[in-house]
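Please examine the sequence together with the fold before reading on.

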Amino acid sequence: LLGKDVGEIEDAPDVTKAVTSYDLVVDRTAGALRLWDTPGFGDSFRLARRFRQRHRWVAWAIRECWDRAFNQKLWRGQRLVLDLRTRASVILYPVSLLERPVDAVYVAPELEIMAWVGKPVLAILNQGGSQNGPGSDQSRDQEWRSHLSDFPLVHGVVNLDAYTRCWLQELTLFGEIGQVLPEEQRADYTRLA
């Protein structure tokens, strides 16, 4: 999307350590179209449990201090969620087509966390260039689309493969983002897009 290589890329968890922003487009009157590259949630099961108990303020405050001192990874996950809630307009959620939804058990708690964030989610189907033979990508694509339709906060599913994408996929993504933005942000977004 940026037209250049940025950040560290590995096929391993926890490669991205910090939130980094990249300006795609900046306009003095319309603002900026900014892409945030964030670390993952880490242990999404524990993180979802933390947010389920957020209404217990005393326990939340104690855990917040405890996590900051003794469980930095979980604490960073909590900071990321709060950051998304205040800064993001739309969350782009990459999903690997190399995995089946039934095996991706982390998706449900991650989407539960994003539901708390309260921003529209666009799922991006990635890594569709499979070696499993013709037609396997289409069936996996349909499997994921069906699975993600069970989550009301997922407002759309877009194919955008990191390796084989083309500008048409990028235009589709930008169109989908414009559709899920709050009405008051659409005019400026249209100008930026």
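Predicted model: local features only at pLDDT ≥ 70, side-chain atom pairs only at ≥ 80, totals over all residues.

Residues are numbered from 1 along each chain as its sequence is written, and side-chain values use heavy atoms, with hydrogens and water left out.

The protein contains seven helices and five strands; helices (H or I, at least four residues) and strands (E, at least two) are DSSP runs numbered from the N terminus. Along the sequence they follow the pattern β-β-α-α-α-β-α-β-α-β-α-α. Of the 193 residues, 36% count as buried, where buried means under 20% relative accessible area, exposed over 50% and partly exposed in between, with a 1.4 Å probe and protein chains only. Among contacts (heavy atoms within 4.5 Å) with a separation of 6 or more, 64% are between residues 24 or more positions apart.

An open sheet is formed by three strands in the order S3-S4-S5, with parallel pairing; two strands pair if DSSP finds at least two bridges between them. Strands S3 and S5 (154-159) are the edges, each pairing on one side only. From one strand to the next, the twist averages 25°. S3 and S4 (residues 121-126) pair in the parallel sense over six bridges; within this pairing, Ile-91 stands opposite Val-121 and Pro-94 opposite Ile-124.

How many residues of S4 are buried? Six of the six are, so S4 is largely enclosed by the rest of the structure. Val-121, Ala-123 and Leu-125 point one way from the strand, and Leu-122, Ile-124 and Asn-126 point the other way. Helix H4 lies across S3, S4 and S5 and runs at about 175° to S3. Helix H6 also lies across S3, S4 and S5, at about 175° to S5. These angles run from 0 to 180 degrees between N-to-C directions, and the axes are lines fitted to C-alpha atoms, for helices over the stretch in contact.

The whole structure holds nine salt bridges, each defined as a side-chain nitrogen of Lys or Arg within 4 Å of a carboxyl oxygen of Asp or Glu. One of them joins Arg-34 to Asp-23, with the closest N and O atoms 2.7 Å apart. This pair links strand S2 (residues 31-37), which holds Arg-34, to strand S1 (residues 20-27), which holds Asp-23. Another salt bridge joins Glu-112 and Arg-52 (2.6 Å, N to O). Because Glu-112 lies in helix H4 and Arg-52 in helix H1 (residues 44-52), the pair ties together parts that are 60 residues apart in sequence.

Within helix H5 (residues 136-148), Arg-140 and Glu-143 are three residues apart, so about one helical turn separates them. Their side chains meet in a salt bridge (3.7 Å, N to O). Arg-140 is buried at 15% relative accessible area, whereas Glu-143 is partly exposed at 25%. Salt bridges that share partners join Arg-100, Arg-140 and Glu-143 into one network.

Two sites remain. Ala-104 lies in the loop between strand S3 (91-96) and helix H4 (107-117). Ala-104 is buried, at 3% relative accessibility. Leaving aside residues up to four places away in sequence, Ala-104 touches Glu-99 and Trp-144. Leu-168, by contrast, is partly exposed at 47% and belongs to helix H6 (residues 167-180).
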